[in-house]
Amino acid sequence: MTTAPALKRYINHKATMTISLCSAFFPLLVATLVLSTVHASSREEQLNSANDTTFRASVPQVRSLARAKPTRMPTTKPTNPNIGKPTSHPTSKPTLHPTSMPTVTPATNTLTQQIICGYQGWFAYKGDGAPINRWKHWFDDPASSEPIAGNLHVDMFPVTDEYDQADLGISHLLMTDGTNATFFSNVKPRVVLKHFEWMAQYGISGVFHMRFMEGLSTNANNREWKTMVLRNVRNAAEATGRLFAVSYNIAGNSIDDSVLNELKVDWMRLVDEERITQSNRYIRHGGLPVLRIFGIGFKTVNVANIGALAELIDWFQKSAESKYRVFLIGGVPSRWRDRVNDAREEPEWKGIYDALDGIHPWHVGRWSTTASFETYYSNIISLDASYCASKGVLYMPTMFPGFSWHNMNKDSPINSIPRLGGNFMWAQAYRYVADKKISTIWMAQFDEVDEGTAIFKVASRQSDVPVDGKWLTLDADGQSLPSDWYLSLCGEAQKMLAKKIKLTSKIPIKPNLFA
């Protein structure tokens with residue numbers, strides 16, 4: 001499976017369940033709603049006490065936005081004569097709130113004993129309020145792209161019934177009941193807040209939010225769109241007690257060595273203008289804010305000036321003003337240590353890797369079965385972890401639930417790396433937690449539906465997806481699973497890493513199909 005041409009290209013390139021309540025539970029539901037209303041103010045006070053007292057001016061808006069109940073999408077067939085055509089959306093400014101979320105303990109601010117998710121946050125639709133004003137990532141990228149099945153860019157369909165209707169974009173795709181399929185945008189504060197509420201609910205500590213450098217310095221609209229999402233991430237993390245950090249990506253066809261200076265300028269802007277590291281929810285390790293840069297040392301990445309990279313690493317660690325200094329993690333090739341396959345071969349790269357504070361190899365697609373993972377762990381990951389331990393460098397391996405990118409690469413089959421009902425992911429969690437040299441894990445990814453690695457709420461069955469297009473659902477491997485199954489698994493893996501449950505090679509929970 002890993003030898004399929006499309007998956008090889010990937011390896012080289014990237015160096016809900018509907019709730020059904022019976023009448024017997026109706027009185028309990030009513031009582032719960034009444035109690036929720038009575039104690040709403042106390043819940044907010046408890047949540048606010050866990051947050052930084054030096055919030056940005058926009059944080060009160062986030063808190064108030066959370067007080068509005070989300071509007072459910074209609075389940076009956078609309079009478080709109082333009083059915084099947086996107087329509088405009090009202091510009092709503094409701095009050096943001098953590099929606100009836102129980103009080104949770106804020107995640108401990110460290111990388112030790114943490115599973116941190118990658119968070120793309122790159123989804124948009126035309127008319128969502130973002131300055132780019134276009135569909136992004138749900139459908140093919142050209143500005144003229146229409147939201148139709150032929151332009152699909154994702155393999156998994158998000159469960160949208162917990163988002164507010166005003167935050168959803170309407171596509172040409174039709175659901176089984178004749179309604180238009182809808183998609184969210186990360187520029188909407190309530191959408192990102194919902195994602196962080198899920199993290200808090202399932203015990204997931206937080207995220208590295210991707211900040212792609214391609215077009216960032218040359219396109220003001222692109223930069224502002226990405227910064228709007230970053231603000232949403234910060235505010236949502238503060239509102240829910242989760243963690244967040246910035247992860248730059250220096251891969252891209254139009255990028256060259258000049259991106260290194262552009263990255264430095266952008267980081268100074270985030271520190272000075274956005275005051276991003278002043279948040280008490282920004283991830284810190286070793287007393288410093290954490291920053292990850294993905295794309296270091298890959299054969300397929302154009303950034304290859306070792307001297308310039310060494311200078312940038314030194315700047316972040318030593319020569320910059322103290323407010324700009326960071327605990328620097330390199331997003332590196334899977335074979336970084338022996339400099340083969342996806343890694344550049346020059347011996348000078350060893351000095352770059354040794355200079356970093358942390359190493360995060362990109363492992364998605366490097367194994368396709370639990371058996372091949374065991375071999376890869378023994379031959380590569382375990383030795384990588386030992387090497388980093390000998391150098392005093394943090395080692396953060398990648399854990400991923402499966403893989404599918406058929407709609408991006410039609411030659412690649414749907415469900416090219418099966419999830420096996422969660423067993424594929426849990427095998428990785430078990431090995432990583434059992435390894436005493438590993439205390440931090442990258443979960444790939446929270447919201448990556450493009451490549452089928454998402455762990456957030458996605459469609460469980462084919463009856464839950466649009467009738468148009470080809471989709472991967474959670475029942476693909478013959479098991480009925482709830483839409484939140486992989487959120488639950490990630491939360492359980494976090495408990496196991498933090499020694500709150502026993503180390504086990506077997507998934508410790510069962511799917512709750514009635515939750």
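Colleague: Where is Gln 445 found?
Modeller: Gln 445 lies in the loop between β12 (440-443) and α12 (485-497). The names come from DSSP runs: helices are H or I of at least four residues, strands are E of at least two, and both are numbered from the N terminus. A cis peptide bond joins Ala 444 and Gln 445, with omega about -20°.

Colleague: What kind of model is this?
Modeller: It is a predicted model: local features need pLDDT of at least 70, side-chain atom pairs count only at pLDDT 80 or more, and totals for chains, interfaces and linings use all residues. Residues are numbered from 1 along each chain as its sequence is written, and side-chain values use heavy atoms, with hydrogens and water left out.

Colleague: Which value should I look at in the backbone of Asn 133?
Modeller: Look at phi. For Asn 133 phi is near 50°, a positive value in a residue other than glycine. Asn 133 sits in the loop between β1 (114-119) and β2. Now take Asn 341, in the loop between β8 (327-332) and α9 (349-355). Asn 341 is not a glycine, yet has a positive phi of about 55°.

Colleague: Is Asn 341 buried or exposed?
Modeller: Start with the cut-offs: buried is under 20% relative accessible area, exposed is over 50%, and partly exposed is in between (1.4 Å probe, protein chains only). Asn 341 has 51%, so it is exposed. Asn 133 has 38%, so it is partly exposed.

Colleague: How many bridges join β2 to β3?
Modeller: First the rule: two strands pair if DSSP finds at least two bridges between them. Four bridges join β2 (residues 168-174) to β3 (residues 180-184), and the strands run antiparallel. Leu 168 has Phe 184 as its bridge partner in β3. The two strands form a hairpin with five residues between them. Gly 178 in the turn has a positive phi of about 90°.

Colleague: How many residues of β2 are buried?
Modeller: In a regular strand the side chains alternate between the two faces of the sheet. As for β2, five of its seven residues are buried, so the strand is mostly covered.

Colleague: At what angle do α7 and α8 cross?
Modeller: Axes are lines fitted to C-alpha atoms, for helices over the stretch in contact, and angles run from 0 to 180 degrees between N-to-C directions. Under 35 degrees counts as roughly parallel, over 145 as roughly antiparallel, 65 to 115 as roughly perpendicular and the rest as oblique. The axes of α7 (residues 259-272) and α8 (residues 306-319) come within 10 Å and cross at roughly 15°. They are therefore roughly parallel to each other.

Colleague: Which residues in α7 and α8 meet?
Modeller: Contact means heavy atoms within 4.5 Å. Leu 260, Leu 263, Lys 264, Trp 267 and Met 268 in α7 meet Ala 308, Leu 309, Leu 312, Trp 315 and Phe 316 in α8.

Colleague: At what angle do α10 and α11 cross?
Modeller: The axes of α10 (residues 370-391) and α11 (residues 423-434) come within 10 Å and cross at roughly 25°. These two helices are therefore roughly parallel as well. Residues of α10 that meet α11 include Phe 373, Tyr 377 and Ile 381.

Colleague: What is Tyr 377 in contact with?
Modeller: Leaving aside neighbours within four places in sequence, Tyr 377 is in contact with Ser 382, Arg 431, Tyr 432 and Asp 435. Tyr 377 and Arg 431 are 54 residues apart in sequence, but 7.9 Å apart in space, C-alpha to C-alpha. Tyr 377 has a relative accessible area of 11%, so it is buried.
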